[in-house]
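Sequence and model come first.

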Amino acid sequence: MKNIKTVTFILFVTLGLAGCMESTSGTEETISEAEAPTSETEEPTSETEEPTSETEEPTPSTLIEPEYTSNDGWVHTTQNKIQDEMVTTFLMRAETANMDAFIGLSSAASDDFNGMLTSVRFAPSGQIDARDGSSYRADVIYDYIPNVWYEVTIDTNVISRLYSVSISEYGDSENTVELIKDASYRTNTDESAGITNLTLWSSGIGAIEVANLIWPESDSEDPTAPVETTESTEPTEPVDSSSVTPVVYGDKCDISEANGQTLLQHHEFEWVVDGINHNAGAYITGDCWIVGPVNIISVSPEPYDDSNGSMANPAAGPDTDQGYEIGLAHYNESVRLNFPYSAAANTSVVSSVTDPTFVGTNNRAGWIVAHGILTVVSSAASESHFRPPYSDPNKEAYNYTFSDLSLSHIPRLAEVNGTPLADNIIEITSRPWVDHIFEYLSRGVHATENMPGYGGDLTSTVAGACLASTLDWPDEERSRLAANLVQIGIDNYGMINVGHYFIANGGHNSGRLLPILYAGKALGNADMLNVTNKDFPIEHGFAENCQTYGEGEYGIRHCTTGDDSTKYNSVNSPTWVGESLCARMIGVEDDWNHAPFFEYVENWVKTKGLAETYGAYDSFSSAMWKAYNANN
């Protein structure tokens with residue numbers, strides 16, 4: 001289990017991956033959290049399948065066999081990755097009238113409506129429509145009939161982020177109708193992303209079916225293939241780059257004085273503090289600190305109507321409330337700060353920005369756009385200091401600087417095809433990951449500008465970031481990414497210290513252990529490395545360990561209820577590949593303290609052959625596994 005191949009290649013190609021920004025629609029909130037994405041193990045349509053010749057008679061509609069079906073749930077199919085313009089065609093059919101179901105394209109599989117680039121829907125109105133930005137519409141009205149096959153063509157362009165949809169009844173191409181022209185993507189996905197997934201969803205009124213899917217050949221190289229080497233080299237020994245202190249990445253706290261007040265600004269947040277000549281500055285993360293106690297007069301964006309809320313040292317764990325947004329679960333006005341606010345030393349003021357146009361359920365990411373943190377400390381920090389965790393009031397116990405890090409245990413490896421752009425993965429890990437609400441409802445608190453929303457995407461990102469930190473990148477990039485992971489680990493450990501743990505429930509709660517062990521190893525902190533031995537209500541305190549048991553077996557809630565259903569293993573397993581590999585690469589497998597997790601991943605890879613992905617960074621994890629896992 002502990003063997004890791006260390007190989008050095010000469011780099012020829014680097015491909016970037018990008019995640020999707022989160023958005024959702026109020027008409028689509030009928031999915032229960034207990035429901036599982038279905039049919040993720042279905043094989044995609046053959047990539048070499050050619051369209052039927054125009055001169056051939058179409059197959060009788062009654063003889064068409066559906067390739068993908070959704071009935072009250074989700075179905076994802078992984079296809080070739082297309083990074084510029086693509087035209088894809090398929091047949092779709094609704095089982096009943098007035099149903100609510102859709103087919104969408106995305107850059108990664110998703111079990112919610114976040115990240116769908118395009119979608120075509122059988123609407124309850126009895127019409128077929130398409131999404132343009134935040135609402136469904138069509139340039140023309142097109143009624144549908146139950147059990148009739150419709151031929152759909154989606155012409156989409158990743159670079160321009162526009163798409164068009166045309167439709168006709170199957171076998172009646174002469175009467176094709178352009179349903180929508182140059183609609184905008186639902187998300188802000190940019191030209192560095194690609195399209196890799198076809199997704200189906202049905203609300204349960206009836207099934208939606210897809211047949212005859214024709215997907216173009218990939219316009220990018222195989223993301224799971226290692227980069228070719230032209231010469232033999234000896235493995236590169238790990239090099240300690242912790243002597244290189246990176247500059248603060250991106251925006252950092254800007255401090256100014258006016259009218260007898262001190263203004264601390266970071267990203268979209270500004271905290272106004274009474275008085276001048278305060279000792280204040282920025283952490284290595286760019287977040288603001290100020291020596292207290294201080295009187296915080298106001299924060300902007302300003303709170304309004306129980307939105308844009310702030311909290312002080314937000315609690316973590318079961319029965320935790322939040323004061324950010326009244327529309328989200330566990331809202332409690334009593335934990336919401338009122339300004340002016342007298343902040344004692346060792347206080348983290350966590351502020352939020354809410355999207356006033358968001359319409360959704362109380363457990364969907366999208367309501368909160370951003371979180372910012374002002375830390376009131378007892379003594380001055382510096383730009384080389386890590387920010388203490390936002391939940392634990394014992395801030396002085398986390399007095400770590402970048403010079404405390406040792407990265408000599410982390411290898412330097414050659415890139416593989418599919419390696420993410422350094423700026424992309426550094427950026428997605430650079431802002432605070434506020435994650436203190438217990439269980440699946442934490443998803444609603446995840447700020448869309450700061451972090452992934454759903455647990456599967458979060459885990460995929462953590463795994464990808466950990467693996468990227470093992471690459472032979474320039475010291476500044478490597479150190480910056482390592483610092484970001486250490487900060488996430490410090491925040492996660494701070495939540496553990498005030499009573500949090502990450503119970504197993506579908507795909508929600510993975511991805512929180514690895515950053516703690518990463519930080520513990522880099523900082524030489526024995527308590528962090530020993531985190532799984534703390535006294536938790538569940539075995540070892542973390543979802544991955546609760547869901548794996550025996551000799552590498554899986555159960556959705558095995559250690560809590562004995563539920564050994566394999567639901568959500570198609571979400572979790574692809575994201576665990578990178579976690580497992582990186583934990584062994586950086587030498588924390590023993591600290592993980594649960595051999596069945598690593599055995600399960602090995603078993604899953606042998607069974608699936610790394611064919612499935614869930615999150616944006618899973619193809620990269622698969623490529624790293626193929627290149628560097630000694631047990632291949």
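## Disulfides and a helix contact

Cys466 and Cys582 form a disulfide, with their sulfur atoms 2.0 Å apart. A disulfide here is a pair of cysteine sulfur atoms within 2.5 Å. The model is predicted: local features need pLDDT of at least 70, side-chain atom pairs count only at pLDDT 80 or more, and totals for chains, interfaces and linings use all residues. Residues are numbered from 1 along each chain as its sequence is written, and side-chain values use heavy atoms, leaving out hydrogens and water.

The link of Cys466 and Cys582 is left-handed, with -80 degrees about the S-S bond. The pair joins distant parts of the chain: Cys466 sits in helix H3 (residues 455–468) and Cys582 in helix H9, 116 residues apart. Helices are DSSP runs (H or I) of at least four residues and strands (E) of at least two, numbered from the N terminus. Both Cys466 and Cys582 are buried. Buried means under 20% relative accessible area, exposed over 50%, and partly exposed in between, with a 1.4 Å probe and protein chains only.

The count comes to 3 disulfides. Their pattern is 1-2, 3-6, 4-5, with bonded cysteines counted along the chain.

| Disulfide | S-S distance |
|---|---|
| Cys253 and Cys288 | 2.1 Å |
| Cys466 and Cys582 | 2.0 Å |
| Cys546 and Cys559 | 2.0 Å |

The torsion about the S-S bond of Cys253 and Cys288 is about 105 degrees, so this disulfide is right-handed. Cys253 lies in the loop between strand E13 (208–214) and strand E14 (254–258), and Cys288 lies in strand E18 (residues 288–291), 35 residues apart. Cys253 counts as buried at 8% relative accessibility. Cys288 is buried too, at 0%.

The link of Cys546 and Cys559 is left-handed, with -100 degrees about the S-S bond. Cys546 is in helix H7 (residues 543–547) and Cys559 in helix H8 (residues 558–561), so the pair ties together parts 13 residues apart in sequence. Cys546 is buried at 0% relative accessible area. Cys559 counts as partly exposed at 23%.

Now back to H9. Helix H9 (residues 569–585) packs with helix H12 (residues 618–628) at an angle of about 45 degrees, their axes 8 Å apart. Axes are lines fitted to C-alpha atoms, for helices over the stretch in contact, and angles run from 0 to 180 degrees between N-to-C directions. The H9 residues that meet H12 include Pro574, Leu581 and Met585, and those on the H12 side include Trp625 and Tyr628. Contact means heavy atoms within 4.5 Å.
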